[in-house]
Amino acid sequence: MSACSDGRDVIPTQEIAAKVLALIERDGISVKTAIARVAGRYDYKIRGSVHAYSIETLKRLNAIDYFLKNSAPKFDSLDPFVRNLLRIAVYEMKYKGVHPALATDSAVRIVKKRNGRFASLVNAILRKVESIKIESGDSIERVALRFFHPEWFVSYTYELLGEEEAKKLMEANLSTPPPYIRVNELKSSIEAVVRYLEDNEVVLAPTFMDEVFKVESYEKHPASLDWHSEGRYVIQDLASCFVSHALNPLHDDTVVDLAAAPGMKTSHIAMLMGNEGKIIAVDNSPKRVRRMKSKMKQLGVRNVEIKLGDGCRFNFVADKVLVDAPCSSTGSYSTQPNVKWTFDWKKFRGAVAVQRKMLKNAIKSADEVLYSTCSIMFEENESNINSVRAEVIELDSPFSRGIKEFRGERFENWDKVVRSFSHLHNCSGFFIAKLKGENQ
């Protein structure tokens, strides 16, 4: 597929995707943000193709780089665009089923147009890649390459879930889960949105939440339709939607959301409250706060007060508080594969410390606390609940239960909390726990 930028120049989507990958590599931003910056002016079909190339390449990045580093010892020092164009070509020839000669020819043509001096190098590297194979074996290194995950993640999930379940999880992370639509009843009805989407050839299936639907298939992605931009529905992960239901906000509650941006759960809570009561949404980033204000307006939320503040220290008294804590995002590898390759144990330990401070701040200030992460890590989940020694309130679970023990630490309340996994529930990996606060 190609894109026309001005009616004359034809730009292959591989070229646009290489720019997207280079931007992600440089700035550490999400695929969605990078595509908006690089490919926002193209139509939805082009953006969809660029998204597919970017996501599928990032999912297999360690194996793709294995091929390239064994073909080009100085691969890491190459021009960023050329480096990422090579990655896309390797994805095509090794995993997309494109004939190696065609993948190589396409990459050479693109690089010739941009900078001819790299053409022979690209050709030589890709010719070498053709003959390289990843050997089979059960070592952590081989499993990591075969299942496209970092070696630390393989070892960790073997311990957490057992080898068989860990491999199923990693296989599921390679797939893209279906989109889920949450109807925004502040601006439309469930019936009207379902009818609109069906009229636009979006096939839906119900879930255990009345306002949330699984997208089975579509002609045009629901995020590209007018009613999405009008805020009549949002695209939101299934487990993420369940978080607001688990909080169970009542119409006359005062609710605090301590890490609110970008505001998807905040807006869902407002909807469940019928725009009544009061929500105080807190975030520590001025930029995210500005975006959240715009998002709340788009979604018709009127009962929220948005505050710039630190969730670890923010002073408040509330009936209920949501701590949807900043985390490792290890439950989101299927939709945010770039996160797999940037995990840092030092930053991880720092994140756990912040999560515990937020939890302690919430518990002393509210009647009930709903804690959630999009992480599979025991340290960010069960261990954090252990650390605050608060009473755990049992949640009904449409998903799975918690982990009983990990690396010598027991979690006695495993049957009261909720976990979702991509290989079991066709959505992101989440942890959800409800605690009694000290304000009761």
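Is E201 buried or exposed? E201 counts as exposed, at 51% relative accessibility; here buried stands for under 20% relative accessible area, exposed for over 50%, and partly exposed for values in between, with a 1.4 Å probe and protein chains only.

The model shown is predicted: local features need pLDDT of at least 70 and side-chain atom pairs count only at pLDDT 80 or more, while totals for chains, interfaces and linings use all residues. Residues are numbered from 1 along each chain as its sequence is written, and side-chain values use heavy atoms, with hydrogens and water left out.

**Stop 1**

Remain at E201, which is placed in the loop between α11 (190–199) and β4 (203–206). Helices (H or I, at least four residues) and strands (E, at least two) are DSSP runs, numbered from the N terminus. The phi of E201 is near 65 degrees, a positive value in a residue other than glycine. Most residues other than glycine have a negative phi, and most peptide bonds are trans.

Next, select A261 and P262. A cis peptide bond joins these two residues, with omega at about 5 degrees. P262 belongs to the loop between β7 and α14 (264–272).

**Stop 2**

Two packed helices are described by the angle between their axes and the distance between the axes. Axes are lines fitted to C-alpha atoms, for helices over the stretch in contact, and angles run from 0 to 180 degrees between N-to-C directions.

Display helix α1 (residues 13–27) together with helix α2 (residues 31–39): their axes come within 9 Å and cross at roughly 125 degrees. That makes α1 oblique to α2; angles under 35 degrees count as roughly parallel, over 145 as roughly antiparallel, 65 to 115 as roughly perpendicular and the rest as oblique. The crossing of α1 and α2 is right-handed. A crossing is left-handed if the near helix is turned anticlockwise from the far one by less than a right angle, and right-handed if clockwise.

The axes of α1 and α5 come within 8 Å and cross at roughly 120 degrees. That makes α1 oblique to α5, and this crossing is right-handed.

**Stop 3: helix α3**

Move on to residues 44–59, which form helix α3 with 16 residues. From its first C-alpha to its last, α3 reaches 22 Å, close to the 22 Å expected at 1.5 Å a residue; the expected span is 1.5 Å times one less than the number of residues. Among the buried residues of α3 are I46, V50, Y53 and L58.

What caps the N-terminal end of α3? D43 does, with a side-chain oxygen 3.0 Å from the backbone nitrogen of K45.

**Stop 4: salt bridges**

The structure holds 29 salt bridges, each being a side-chain nitrogen of Lys or Arg within 4 Å of a carboxyl oxygen of Asp or Glu. Select E25, D65, R83 and R87, which are linked in a network of salt bridges.

Go next to R407 and E159, whose side chains meet in a salt bridge of 2.8 Å, N to O. The pair links distant parts of the chain, 248 residues apart: R407 is in the loop between β13 (405–406) and β14 (409–410), and E159 is in helix α9 (residues 151–161). R407 is exposed, with a relative accessible area of 51%, whereas E159 is partly exposed at 46%. R407 also has a positive phi of about 50 degrees although it is not a glycine.

Continue to D253 and K320, which form a salt bridge with the closest N and O atoms 3.0 Å apart. D253 lies in the loop between α13 (238–247) and β7 (254–257) and K320 in strand β10 (residues 318–324), so the pair ties together parts that are 67 residues apart in sequence. D253 is buried, with a relative accessible area of 7%, and K320 is buried at 8%.

**Stop 5: H149**

Finish at H149, in the loop between α8 (140–147) and α9. H149 is buried, with a relative accessible area of 1%. Where does the side chain of H149 reach? It reaches the backbone oxygen of F147 at 2.8 Å. A polar contact of 3.1 Å also joins the side chains of H149 and N173. A polar contact is a pair of N or O atoms within 3.5 Å; within protein, one must be able to donate a hydrogen and the other to accept it, and residues adjacent in sequence count only if both atoms are side-chain atoms.
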